[in-house]
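Q: I would like to learn how to read the features of a model, from the overall fold down to single residues. Where do we start?

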Amino acid sequence: MRIDVCRAEDIAALERFMPSHSVDGSHGARFARQEAGDSSYLIPWLDGLPVGHAEVRWTGCEAPEVRAAQPGCPELNGLFVWPASLRSRGIGTALVRAAEERAVARGTWLMGLGVGDDNPQAARLYARLGYRPTVSYVDRWAYLDVDIVRHVCADPCVFLVKDLTLPSSSLDVKPA
């Protein structure tokens, strides 16, 4: 498996293998934010096929509660592994590590992400990787159904943060 930053020519493959109906989380929207310098859109590839994605939003989480509690903290958003049969095989962990490495390379020593109250499996992964809860908030997002009708959702979440300078970091820190 390899993890690359999304390229324009990857969008068609992403839509073919992992169609997105999210209004602002579509592959094209994420790529556009990356092109504007606001994010990095990471794609894991296995046997030539995309098997997930994650976006590091350098501008941070949009929720006002999170912005107040963690100003300037980049957000790892849209972590997804597909198909479901590939979950719990290290792809999500590899995406988190790739995001953390990009943050450190940019001189950013903090990474945050939101986890839904209804997603204990992801919460356990993030805790194992060193993320700690900071603030509760409501994640608001929208998607288009098959009839192209827009639906707005609101999910209770907790924003988790990791200090990337700590030795317990999930980054591979080697002694000098």
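A: With the elements: the protein has five helices and eight strands. Helices (H or I, at least four residues) and strands (E, at least two) are DSSP runs, numbered from the N terminus. This is a predicted model, in which local features need pLDDT of at least 70 and side-chain atom pairs count only at pLDDT 80 or more, while totals for chains, interfaces and linings use all residues. Residues are numbered from 1 along each chain as its sequence is written, and side-chain values use heavy atoms, with hydrogens and water left out.

Q: In what order do the elements of the protein run from the N terminus on?

A: The order is β-α-α-β-β-β-α-β-α-β-α-β-β. The radius of gyration is taken over C-alpha atoms, and the globule rule is 2.2 Å times the number of residues to the power 0.38. For the 176 residues here the rule gives 16 Å and the radius of gyration of the protein is 16 Å, so the protein is as compact as a globular protein of that length.

Q: What share of the residues in the protein is buried?

A: Buried means under 20% relative accessible area, exposed over 50%, and partly exposed in between (1.4 Å probe, protein chains only). Of the 176 residues, 44% are buried.

Q: How are contacts read, and what share of those with a separation of 6 or more comes from residues 24 or more positions apart?

A: A contact means heavy atoms within 4.5 Å. In the protein, residues 24 or more positions apart account for 60% of the contacts with a separation of 6 or more.

Q: Which residues is Asn77 in contact with, leaving aside its neighbours within four places in sequence?

A: They are Arg30, Ala54, Glu55 and Arg57. Asn77 belongs to strand E5 (residues 75-81) and is buried, its relative accessible area being 18%.

Q: What should I look for in the backbone?

A: Most residues other than glycine have a negative phi, and most peptide bonds are trans. Here a cis peptide bond joins Trp82 and Pro83, with omega about 0°. Pro83 is in the loop between E5 and helix H4 (91-105).

Q: Where is Ser88, and is it buried or exposed?

A: Ser88 is also in the loop between E5 and H4, and it is exposed at 66% relative accessible area. Its phi is positive, near 65°.

Q: What is the phi of Ile148?

A: Phi of Ile148 is positive, about 60°, although the residue is not a glycine. Ile148 lies in the loop between strand E7 (132-144) and strand E8 (150-163), and is exposed, with a relative accessible area of 62%.
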